[in-house]
Amino acid sequence: MSETIIIDTDPGQDDAVAILLAVAACEQLALACVTTVAGNVPVAQTTANALRVLDLAGRADIPVYRGAERPLIVALETAEFVCGPDGLDGSGLPPPSREADAGHAVDAIIRRLRAAADGLTLCPLGPLTNLALAFRLAPDILPKIRRIVLMGGAIGLGNITPAAEFNMHVDPHAAAIVFDCGRPIIMMGLGVTLKAIATHEQIAGFATLGTAAGRSIHGMLTRPRPGSLGTVGHPMHDPCVIAYLLWPELFSGRDCHVAIATEDGPMRGRTTIDWNGRLKRPANAHVIAEVEAHELFERVTRLIATLP
Ligand code: BDR
Ligand code: CA
């Protein structure tokens with residue numbers, strides 16, 4: 001039986017690969033809709049990018065709803081210095097063929113959860129603003145959430161600041177609401193995603209698929225990345241979320257308590273992960289720390305090969 005998911009996203013190259021992977025896995029995952037949020041670039045652009053990626057996948061039938069323009073409290077910080085001016089540098093994608101669907105992403109999340117008899121899985125790949133707004137506006141939807149598999153946080157060092165990972169840093173107040181929501185959370189932080197590195201051979205393999213999706217992914221993963229942190233190869237943060245839904249056996253982690261620092265200053269957005277249970281607080285997330293990266297990208301490539 002397939003798992004119905006909503007992807008909440010701020011594409012972003014790695015978000016784009018995650019969306020393509022979810023579409024390619026349509027026998028295991030039913031992608032109900034894509035909701036967008038400001039993050040890597042402003043929300044008008046993340047929305048256009050989600051539409052462009054679904055065009056590439058030949059799935060212009062999947063609804064896209066535009067969401068929050070800025071974090072709950074702090075000012076928006078974007079990451080064009082990493083993703084390029086339109087967020088999808090290297091993709092070679094044309095403008096979208098359609099507009100976003102009518103209505104706000106937060107309303108779409110609420111409506112879809114209320115209507116889902118068996119519940120839904122939420123897959124946030126950006127700042128958690130839309131989810132936090134939905135949970136505050138309509139707490140009745142919480143029992144309908146089967147699980148939240150998210151990209152964000154870090155066991156150790158951050159990326160956007162020494163202390164914080166980008167998605168948590170951009171909207172720490174939203175992250176605190178989501179981690180406090182009481183539903184099962186699987187956290188894909190930098191502790192695992194910086195180990196999910198495709199080899200040069202595997203990246204080259206996307207180009208040899210002979211498909212538009214393969215060429216676009218190859219372009220995104222091989223573009224110059226002046227703002228990157230010197231990682232070897234290309235980390236695939238957001239695709240880990242979808243990969244976990246498909247192949248949980250490739251990942252391992254631990255139930256932990258995760259606290260989000262919301263105060264302004266150098267610690268903002270830091271995820272303090274009580275890996276060893278020192279605080280004796282109940283776990284609020286399953287924190288993933290390890291991945292079998294080579295096997296992961298072999299499987300990702302096989303699925304992406306099924307796209308146009
Ligand atoms: C996260 O930040 C974004 O730039 C990426 O798309 C990913 O979701 C990694 O820190
Ligand atoms: Ca993202």
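This is a predicted model: local features need pLDDT of at least 70, side-chain atom pairs count only at pLDDT 80 or more; totals for chains, interfaces and linings use all residues.
**Ground rules.** I kept in mind that local features need pLDDT of at least 70 and side-chain atom pairs count only at pLDDT 80 or more, while totals for chains, interfaces and linings use all residues. Residues are numbered from 1 along each chain as its sequence is written, chains are lettered from A and ligands numbered from 1 in the order in which they are written, and side-chain values use heavy atoms, with hydrogens and water left out.

**Calcium ion.** I looked up ligand 2, a calcium ion, and found it coordinated by Asp10 (OD), Asp15 (OD), Asp15 (OD), Leu125 (O) and Asp238 (OD), at 2.2 to 2.6 Å. Donors here are N, O and S atoms within 2.8 Å of the metal (3.2 Å for Na, K and Ca), and water is not among the atoms, so sites may look incomplete. Helices (H or I, at least four residues) and strands (E, at least two) are DSSP runs, numbered from the N terminus. I noted Asp15 and Leu125 both as buried, a word that means under 20% relative accessible area, with exposed over 50% and partly exposed in between (1.4 Å probe, protein chains only).

**Ligand 1.** Which residues surround ligand 1? I listed Asp14, Asp15, Asn40, Leu125, Met151, Asn159, Glu165, Phe166, Asn167, His237 and Asp238, where a residue is near a molecule if one of its heavy atoms lies within 4 Å of it. By class I recorded three nonpolar, four polar and four charged residues in this shell; Ala, Val, Leu, Ile, Met, Phe, Trp, Tyr, Cys and Pro count as nonpolar, Asp, Glu, Lys and Arg as charged, and the others, Gly among them, as polar. For polar contacts (a pair of N or O atoms within 3.5 Å; within protein, one must be able to donate a hydrogen and the other to accept it, and residues adjacent in sequence count only if both atoms are side-chain atoms), I found a polar side-chain atom of Asn40 at 2.5 Å from an oxygen atom of ligand 1. A side-chain N or O atom of Asn159 lies 2.8 Å from an oxygen atom of ligand 1, and for Asp238 the distance is 2.7 Å. Taken alone, ligand 1 exposes 280 Å², of which the protein buries 93%, with areas from the Shrake-Rupley method and a 1.4 Å probe; for residues, only the protein chains shown count as cover.

**Thr271.** I located Thr271 in strand 11 (residues 271–273), buried with a relative accessible area of 2%. A polar atom of the Thr271 side chain lies 2.9 Å from the backbone oxygen of Ala154. Leaving aside neighbours within four places in sequence, Thr271 is in contact (heavy atoms within 4.5 Å) with residues including Gly153, Met168 and Val258.

**Arg98.** I placed Arg98 in the loop between helix 3 (80–83) and helix 4. The Arg98 side chain reaches the backbone oxygen of Ala60 at 3.0 Å and that of Ile62 at 2.9 Å.

**Gly191.** Last, I checked Gly191, which is found in helix 8 (residues 190–193); not counting residues up to four places away in sequence, Gly191 touches Ile155 and Ala289.
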